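Visitor: I would like to learn how to read the charged side-chain contacts in a model such as this one. Could you take me through them step by step?

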Amino acid sequence: MAASSRDQVLRLYRALLRESQRFSSYNYRTYAIRRIRDAFRENKNIADSEKIEELLNKAKANLEVIQRQGTIDHMYATEKLIIERPGNT
């Protein structure tokens, strides 16, 4: 993978994780982060530039979905779960 392509993938990976952290719901947040990490690990050895480009476009579309869902999630926020409250470790 070319250096510029690698940088682009890493930027997208960080952006996906950052946006997923914005979910107020613990379950959505942990699911999104787990799926992002699993997907990037699964595809880390792909060398075909067309396949990489296809996966990047799919990830960019998913980033937009996560951003929209994060906004909606904050509009309809619920009470935190017990495991999310301070002092409950």
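Visitor: Is D38 buried, exposed or partly exposed?

Guide: The general idea is that a residue counts as buried under 20% relative accessible area and as exposed over 50%, with partly exposed in between. In this predicted model, D38 has a relative accessibility of 33%, and therefore counts as partly exposed.

Visitor: With which residue does D38 form a salt bridge?

Guide: A salt bridge is called when a side-chain nitrogen of Lys or Arg lies within 4 Å of a carboxyl oxygen of Asp or Glu. Here the partner of D38 is R41, and the closest N and O atoms are 3.7 Å apart. R41 itself is exposed, at 54% relative accessible area. Both residues belong to helix α2, which covers residues 26-42, and they sit three residues apart, about one turn of the helix.

Visitor: How many salt bridges are found in the whole structure?

Guide: The search finds three. One of them joins the side chains of E54 and K51, with an N to O distance of 3.8 Å. In helix α3, residues 49-75, E54 and K51 are three residues apart and thus separated by about one helical turn, and K51 is partly exposed at 32% relative accessibility.

Visitor: What is the N to O distance between the side chains of R22 and E19?

Guide: Their side chains meet in a salt bridge at 3.0 Å, N to O. When reading this pair, consider each residue separately: E19 counts as buried, at 15% relative accessibility, whereas R22 is partly exposed, with a relative accessible area of 36%.

Conventions: Residues are numbered from 1 along each chain as its sequence is written. This is a predicted model: local features need pLDDT of at least 70, side-chain atom pairs count only at pLDDT 80 or more; totals for chains, interfaces and linings use all residues. Side-chain values use heavy atoms; hydrogens and water are left out. Buried means under 20% relative accessible area, exposed over 50%, partly exposed in between (1.4 Å probe, protein chains only). Helices (H or I, at least four residues) and strands (E, at least two) are DSSP runs, numbered from the N terminus.
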